Amino acid sequence: VTDAEGATVTDTEEIKVISNNSITGELWNESGTTNIDKANVILFPQENTDDTTQRVLTGTYTYLFPGLESGNYTVLAVPDTIAFPGELPTYLGDKLALFEAEWTSVSGHVTGKNIHLISKPEGSAGTGSISGEMVEGTKKGLTITESTGHIEADPVPGAYVYLKGSTDGNLKDYDVTASDGSFRFNDLVNGSYYFVADYQGKLMDEANTPLVLSDERKDIEILATVGTEKITVQDLGTGVEDLTSGDIKVYPVPADDHIFLLIPEGIFTAKSIRISITDLSGRFVYIDQLFDLSADPITLDIADIPEGVFVMQMTDNQILYVLYY
């Protein structure tokens with residue numbers, strides 16, 4: 001018996017079979033006028049996007065991945081930032097995020113899978129900003145209030161995040177999350193924007209609403225939470241009352257079976273409040289219950305709530321206070 005290279009092997013030796021399947025293409029700038037000949041090119045199999053293969057291109061703008069198993073694949077081109085500072089990492093199909101990339105069925109030699117790397121947007125002359133943090137929703141006890149901006153969660157660093165116009169779909173700005181998961185888009189003009197993140201192929205939640213900058217609201221703070229299947233964006237200024245009479249204390253953070261609430265006197269006008277908890281899709285995980293404010297502290301049994309990020313609402317029917325935890 002001979003192997004693929006003609007060498008003789010015994011029946012106890014493994015015979016390596018080399019596939020003839022391959023995918024190849026060229027890298028260009030967005031307009032197709034300049035080739036990108038210095039870049040890292042990464043192959044993603046659809047069955048397991050963590051099982052990537054990388055090629056480094058230097059002096060050539062043609063990539064080739066040979067010897068592939070039959071299946072669906074996409075490709076990411078990451079330009080050398082010194083040689084090509086004006087281009088962004090771009091997937092097959094000329095897309096910015098893995099969840100929207102083009103997947104190609106590879107059986108035999110697949111050619112012509114060119115990528116036009118998307119150009120970085122030109123800076124605008126506005127005065128608005130959208131900032132926030134991107135976190136993994138893997139723990140109970142994520143606590144955020146508009147007045148404190150305090151977050152206890154697992155940050156997501158090194159992820160590309162984008163702003164697109166909600167009306168034209170065009171790229172308006174981009175950033176890369178810092179070590180603490182933070183990001184910021186500055187100098188934005190008044191308008192309506194969608195936040196998009198490229199992280200592990202996660203979809204953006206269809207329930208995410210546009211972020212609207214106007215003369216009345218020049219700065220928006222958001223929280224992007226990575227869930228099991230999708231990324232949810234929460235506008236931290238929506239529906240949150242900035243109370244100056246004192247902060248509600250929630251502990252421990254993170255929590256396991258119980259959460260304790262310390263509510264300073266004067267926060268609410270009534271002697272009791274109703275507390276409910278929903279997930280970020282609005283589904284109740286803790287049914288509305290009445291609590292006497294004389295209890296110090298108020299104790300909530302959350303043993304049956306799974307790990308994740310949730311919205312706690314407290315109201316006496318006159319004042320509503322919202323915590324994201």
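The structure holds seven aromatic pairs, a pair being two rings of Phe, Tyr or Trp (its six-membered ring) with centres within 6.5 Å. One of them, formed by Phe-44 and Tyr-91, is tilted, with 6.0 Å centre to centre and 50° between the planes; planes under 30 degrees apart count as stacked, over 60 as edge-to-face and the rest as tilted. This pair links distant parts of the chain, as Phe-44 belongs to strand E2 (residues 38–45) and Tyr-91 to strand E6 (residues 90–91), 47 residues apart. Strands (E, at least two residues) are DSSP runs numbered from the N terminus. Phe-44 is buried, with a relative accessible area of 9%, and Tyr-91 is buried at 4%; buried means under 20% relative accessible area, exposed over 50% and partly exposed in between (1.4 Å probe, protein chains only).

The model is predicted, and local features need pLDDT of at least 70, side-chain atom pairs count only at pLDDT 80 or more, and totals for chains, interfaces and linings use all residues. Residues are numbered from 1 along each chain as its sequence is written, and side-chain values use heavy atoms, without hydrogens and water.

Ring pairs also join Phe-183, Phe-185 and Phe-195 into a cluster. Beyond its neighbours within four places in sequence, Ile-130 is in contact (heavy atoms within 4.5 Å) with residues including Leu-163, Phe-185, Tyr-193, Leu-213 and Ile-222.

An open sheet of four strands has the order E13-E12-E15-E17, with antiparallel pairing; two strands pair if DSSP finds at least two bridges between them. Strand E13 (171–176) and strand E17 (211–213) are the edge strands, each pairing on one side only. Five bridges join strand E12 (residues 160–165) to E13, and Val-161 stands opposite Asp-175 in E13.

Pro-264 lies in the loop between strand E21 (258–262) and strand E22 (272–279). Pro-264 is partly exposed, with a relative accessible area of 28%. Its C-alpha atom is separated by 8.6 Å from that of Lys-249, 15 residues apart along the chain.
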